[in-house]
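Welcome to a short tour of the model shown below. Keep the viewer open as you read, so that each stop can be checked by eye.

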Amino acid sequence: MNTPRDPDEILSAWLDEGPARLPDQTRRAIVVALPSVTQRWRLSWVPWRFPLMTNTMRAAAGIAIVAIVGVAGLNFLRPAVGPGSAPSQTPTPTATPEPSPTQMAQPSAIAAPIPSLTETFDSANGYSIGIGASMTVEKTDAPWGLPDAFDAIVSSLYLLRVGSDVIPDGVDVDAWIQTRLTQGTPGNCGAIRAELPEVVIDGHAGKIRDSCGEIEATVVAGGRAYLFTFWMPEVPLANGREIFDAFAATVQLRPEDVLTP
Amino acid sequence: MRLVERAREGDDVAFTDLVDLDGDRCYAIAYRILRDVERAQDAVQQAFLLAWRELPRLRDPERFDVWLHRLLVNACYEELRRYRRWSTRIRSLPVDGPGTPDTTLSVEDRDTLDRAFVRLTPEHRSVFVLHHHAGLPLAEIADVVGVPVGTVKSRLHYATRTLRAAIVADSQVDTVEARLA
C-alpha cells in the first residue's frame with residue numbers, strides 16, 4: 001500500500017534495476033577471441049613498396065607524388081584566414097556520463113524566449129503552422145496510430161508533434177479521440193477528454209491538457225481530429241503554455257487540403 | 001584516448017583495458033534494452049569484437065565512445081531480431097540478481113513495465129535507455145542511432161509516455177479494485 005505512485009519515480013526505480021557488472025566469463029570470452037579476429041585496414045598490411053613496378057607505374061607514381069607535394073605546399077603557404085578557411089571540425093571529446101538514477105526526475109523549470117514564428121510549414125496532414133528560423137521539421141509519412149505518425153517541429157528546448165485523422169461517422173467524438181490518442185500516443189496521462197478545459201485553435205473548439213510534462217490539445221475541424229503535443233524533453237519550461245499558445249496562434253486548420261494516399 | 005590509439009594499432013592489451021573500462025557500462029545499457037542477461041552478454045561480446053575488427057577505421061579516437069555505443073545498439077537490434085525470429089517468450093533473469101534491487105518497486109509495477117517495454121520497438125527502447133539510463137544528451141543519441149535529433153525526441157516522447165501510461169493505467173485498475181473490495 002505504501003508503493004509510490006509517481007510514474008517517473010517508478011520508472012526510475014525500474015530502470016535502475018538490473019545487473020551492473022559484465023560477467024567475468026563474457027569479459028574473458030571477448031579477450032580470448034581477439035587473436036582470431038583480424039583487424040581491418042591495418043596500415044602495417046600495406047607493403048612499403050610493390051615488388052613489381054613497371055616503368056610506366058614508376059612514372060605515374062612519381063607524377064602523383066610531385067602533385068601531392070605541390071598541393072600540400074600550396075595549402076601550407078596559403079594564409080589561414082578569410083571566409084574560405086573554416087576552422088577544422090574537431091569533434092568535442094565525449095564525456096561519458098555515469099548512469100544517473102535520478103534521470104527521470106525533472107530539473108527545475110526555466111523560462112524560454114517566446115519564439116518568433118516567421119516561417120510557415122504546410123503539412124500534408126491538412127494544417128499549416130508558423131515555425132522559427134532555427135527549428136527543424138520532420139514530416140511523417142506513417143499512417144496515424146503508429147509511433148512516428150506525427151510531424152515533429154523541433155527546437156533545442158522543445159518538440160511539437162502534430163498529427164490528424166478523419167473522424168468516422170457516427171462515433172462519440174470524445175471517446176473516439178480518447179481511443180485514438182491512447183492507441184497512437186498512449187496514456188493521455190489518465191485524463192478524460194470530455195472533462196478537460198476548452199481551447200480554441202484557428203476558431204475551432206477543442207480540449208487541452210497540461211500535465212505529465214507536456215501540453216496537449218485536440219481539436220476538431222471539418223470532420224477531422226487534430227492532435228498537438230508540446231513536449232519539453234530535457235528541461236521543463238515555466239512558460240511552456242505561453243510558447244504552445246504562440247504556436248497555436250499561427251495554426252490554420254485546412255482539412256480540405258489533406259493529401260490522400 | 002591513448003588506449004584507443006594503441007588498440008587501433010593492434011595492441012590487444014590496450015583493447016583488453018578498454019573492455020575493462022567500458023564493459024560494465026555497455027552491459028548495463030544492453031541489458032536494459034534487451035531485458036535479458038544472456039542476450040545482453042552476447043550483444044556486448046559482438047559489439048566489442050566488431051569494435052576490435054573495425055577499430056583501425058575509426059579516424060578520430062575521441063569519438064570512440066559514440067562509435068562503441070553505435071556498435072552496441074546495433075548488436076542489440078540484431079539480438080532482438082533474432083529473438084523475435086526464435087521467439088520463445090522465455091524470460092531470463094539475472095544470474096547474479098538485480099544490481100540494485102529497489103524495494104519501493106512492487107512486483108506489479110515491475111511486471112507492468114516489463115510488459116509495456118517489450119512492446120516498444122527496438123528503436124524506441126534504445127533511445128529511452130540511452131537517455132534515461134546512460135544519461136546521454138539527445139544530440140549524442142542522435143549521433144549514436146543515426147537519426148535526426150527531432151526523431152530522437154519524438155521516439156523518447158513516445159517511449160516515455162507509453163511506459164508512464166502503463167503505470168497510470170495499472171494504478172487506475174488498482175483504484176477501481178480497491179473501491180470494489
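## Chain A at a glance

A residue is called buried here if 20 or more other C-beta atoms lie within 10 Å of its own C-beta. By that rule, 29% of the 261 residues of chain A count as buried. Please keep in mind that this is a predicted model.

Chain A holds five helices and 10 strands. If you look at its contacts between residues at least 6 apart in sequence, 54% join residues at least 24 apart.

## The seven-stranded sheet of chain A

Seven strands of chain A form an open sheet in the order β3-β4-β5-β9-β8-β7-β6, with antiparallel pairing. Its edge strands are β3 (136-138) and β6 (198-201) of chain A, and each of them pairs on one side only. From one strand to the next, the twist averages 20°. Helix α5 (residues 240-248) of chain A packs on this sheet, where it touches β5 (159-166), β6, β7, β8 (214-221) and β9 (224-231) of chain A. The direction of that helix makes about 25° with that of β8(A).

You can find E198(A) opposite K207(A) of β7(A).

## A closer look at strand β4 of chain A

In a regular strand the side chains alternate between the two faces of the sheet. Which residues of strand β4 (residues 151-154) of chain A point one way, and which the other way? D151(A) and I153(A) share one direction, A152(A) and V154(A) take the other, and all are buried.

Together β4(A) and β5(A) make a hairpin, with four residues between them.

## The three-stranded sheet of chain A

Chain A also has an open sheet of three strands, ordered β1-β2-β10 and paired antiparallel. Its edges are β1 (119-123) and β10 (252-253) of chain A; each has a single partner strand, so one side of each is left without a neighbour in the sheet.

Five bridges link β1(A) and strand β2 (residues 127-131) of chain A in the antiparallel sense. In this pairing T120(A) stands opposite G130(A) of β2(A).

## Where a helix of chain A meets a helix of chain B

Two packed helices are described by the angle between their axes and the distance between the axes. For helix α2 (residues 24-33) of chain A and helix α2 (residues 12-34) of chain B, the axes come within 10 Å and cross at roughly 155°. An angle over 145 degrees counts as roughly antiparallel, and α2(A) and α2(B) are therefore roughly antiparallel to each other. Their crossing is right-handed.

On the α2(A) side R27(A), I30(A) and V31(A) take part, and they meet T16(B), V19(B) and G23(B) of α2(B). The residues of this contact of α2(A) with α2(B) divide into three nonpolar, two polar and one charged.

## Helices α6 and α7 of chain B

Within chain B, the axes of helix α6 (residues 122-132) and helix α7 (residues 138-145) come within 10 Å and cross at roughly 140°. That angle makes α6(B) oblique to α7(B), and the crossing is right-handed. From α6(B) the contact uses S126(B), V127(B), L130(B) and H131(B); from α7(B) it uses L138(B), I141(B), V144(B) and V145(B). These residues divide into six nonpolar, two polar and no charged.

How many of the eight residues of α7(B) are buried? Six of them are, so α7(B) is largely enclosed by the rest of the structure. The buried ones are L138(B), E140(B), I141(B), D143(B), V144(B) and V145(B). After α7(B) comes G146(B), with a positive phi near 75°.

## A last stop at A116(B)

A116(B) sits in helix α5 (residues 107-118) of chain B. It counts as partly exposed because it has 19 C-beta neighbours inside 10 Å. Leaving out residues up to four places away in sequence, A116(B) touches T162(B), L163(B) and A166(B). A116(B) and L163(B) are 47 residues apart in sequence, yet 6.1 Å apart in space from C-alpha to C-alpha.

Key
Residues numbered from 1 in each chain as written. Chains lettered and ligands numbered in written order. Predicted model: local features only at pLDDT ≥ 70, side-chain atom pairs only at ≥ 80, totals over all residues. Helix = DSSP H or I, 4+ residues; strand = E, 2+ residues; numbered from the N terminus. Buried ≥ 20, exposed ≤ 12 C-beta atoms within 10 Å, placed from the backbone. Contact = placed C-beta atoms within 7 Å. Axes fitted to C-alpha atoms, helices over the stretch in contact; angles between N-to-C directions. Parallel < 35°, antiparallel > 145°, perpendicular 65-115°, else oblique. Left-handed = near helix turned anticlockwise from the far one by under 90°. Nonpolar A, V, L, I, M, F, W, Y, C, P; charged D, E, K, R; others polar. Pairing = 2+ DSSP bridges.
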